[in-house]
There are 2 protein chains.
Amino acid sequence: MATTSEATPTRILVAVNESTIKGYPHPSISSRGAFDWTLQKIVRSNASGFKLLFLHVQVPDEDGFDDMDSIYASPEDFKSMRQRDKARGLHLLEYFVTRCHQIGVDCEAWIKKGDPKEVICHEVKRIQPDLLVVGSRGLGPFQRVFVGTVSEFCVKHAECPVVTIKRSPNETPQDPVDD
Amino acid sequence: MATTSEATPTRILVAVNESTIKGYPHPSISSRGAFDWTLQKIVRSNASGFKLLFLHVQVPDEDGFDDMDSIYASPEDFKSMRQRDKARGLHLLEYFVTRCHQIGVDCEAWIKKGDPKEVICHEVKRIQPDLLVVGSRGLGPFQRVFVGTVSEFCVKHAECPVVTIKRSPNETPQDPVDD
């Protein structure tokens, strides 16, 4: 391998999201799967050869159902809601950054708001990673029609190589909402 | 990283084919692109962490046009045609095996006959690699309708993570047949 390519680490963008279990601010099973696969199969012991970039896209209306039961009495209530969203996002990224720090892999993490598939492709264009890794819940064709997977969109539209890590069947939660 | 995962190398299957320039038994631009990407971005200096598996699928009727001008006068003529196909396939694989040998990456290479997309997915099922890398000519949606890309089929059907390496626009030959 050329010395120049050894000097520049391979930059891998990992799109991460929260578990959909409400009030459970932890990585989704598929996000963790994508991250673990990247470490075990690609980075391996070559920590200095890679830089991991974590992108978490928050859907503005994601907590709509929770908020149905909330009462908004002052502008402060909206502010605290936004702060809660931010805290959840930071908690999620902290998980990945902490693990990278333990292993000694250089990393960066950030949060964007918007439609995940659009934002991911936009960020790929902006930061030009060498590889985009996205987790997938491995839905069947019937479920996919309704869900419209982020991973399929990225495979088609992201301007860099993309790898989709499907969740293994034994990790599928009984209730699909508990991802 | 766990010591156990370091003991087992990451097995990457790279699907390779010939250049479509007739009488030019060398890797296609997209095959070489996929291979170079794998070395530069994934394997990097960690040669012992990876094992590369090269699969070349020969389409039985691939040389139909060449053979239009051939005259078959005896069973020997068919035999020599098959030997020529085999020699071309071996020549192709030799390129990849030689380069791996130079770098010190463990590898295996083999040839199968059949429909490339079907055979690749079948081989993935059989050998269960950690990652499948396929080159793509990066055709536009209009061209794709007629060509029906192998990479798209593999992304959908292969039972392992798949990454498609698109050929960069500046590597596109003027005549599309000269891939």
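This is a predicted model: local features need pLDDT of at least 70, side-chain atom pairs count only at pLDDT 80 or more; totals for chains, interfaces and linings use all residues.

User: How many residues of chain A are in contact with chain B?

Analyst: Contact is counted for heavy atoms within 4.5 Å. On the side of chain B, 29 residues take part. For chain A the count is 29 residues.

User: What is the area buried between chain A and chain B?

Analyst: The size of an interface is often given as the accessible area lost when the parts come together. Here carbon and sulfur atoms give 53% of that area. The total is about 2,200 Å².

User: Which residue of chain A meets B:Asp130 in a salt bridge?

Analyst: The count between chain A and chain B is 2 salt bridges. In one of them, the side chain of B:Asp130 takes part, with 3.0 Å from N to O. Its partner is A:Lys41.

User: Which element gives the largest share of the side of chain A that touches chain B?

Analyst: The interface has 10 residue pairs in polar contact. Elements that give two or more residues to this side of chain A are α1, α2, α7 and β5. The largest share is 6 residues, and it comes from α2(A).

User: What relation superposes chain A on chain B?

Analyst: Two copies of a chain are related by a rotation about an axis and a shift along it. Here the rotation is 180°, the shift is 0.0 Å and the RMSD is 0.0 Å. That is therefore the relation of a two-fold axis.

User: Which residue of chain A comes closest to the rotation axis?

Analyst: The copies meet through the same surface, because 100% of the interface residues of chain A are also interface residues in chain B. The closest approach to the axis in chain A is 2.5 Å, taken at C-alpha. That residue is A:Val163.

Key:
Residues are numbered from 1 along each chain as its sequence is written. Chains are lettered from A and ligands numbered from 1 in the order in which they are written. Side-chain values use heavy atoms; hydrogens and water are left out. Buried area is the accessible area (1.4 Å probe) that two parts lose on being put together, summed over both. A salt bridge is a side-chain nitrogen of Lys or Arg within 4 Å of a carboxyl oxygen of Asp or Glu. A polar contact is a pair of N or O atoms within 3.5 Å; within protein, one must be able to donate a hydrogen and the other to accept it, and residues adjacent in sequence count only if both atoms are side-chain atoms. Helices (H or I, at least four residues) and strands (E, at least two) are DSSP runs, numbered from the N terminus. Copies are superposed by least squares on the C-alpha atoms of residues with pLDDT of at least 70 in both.
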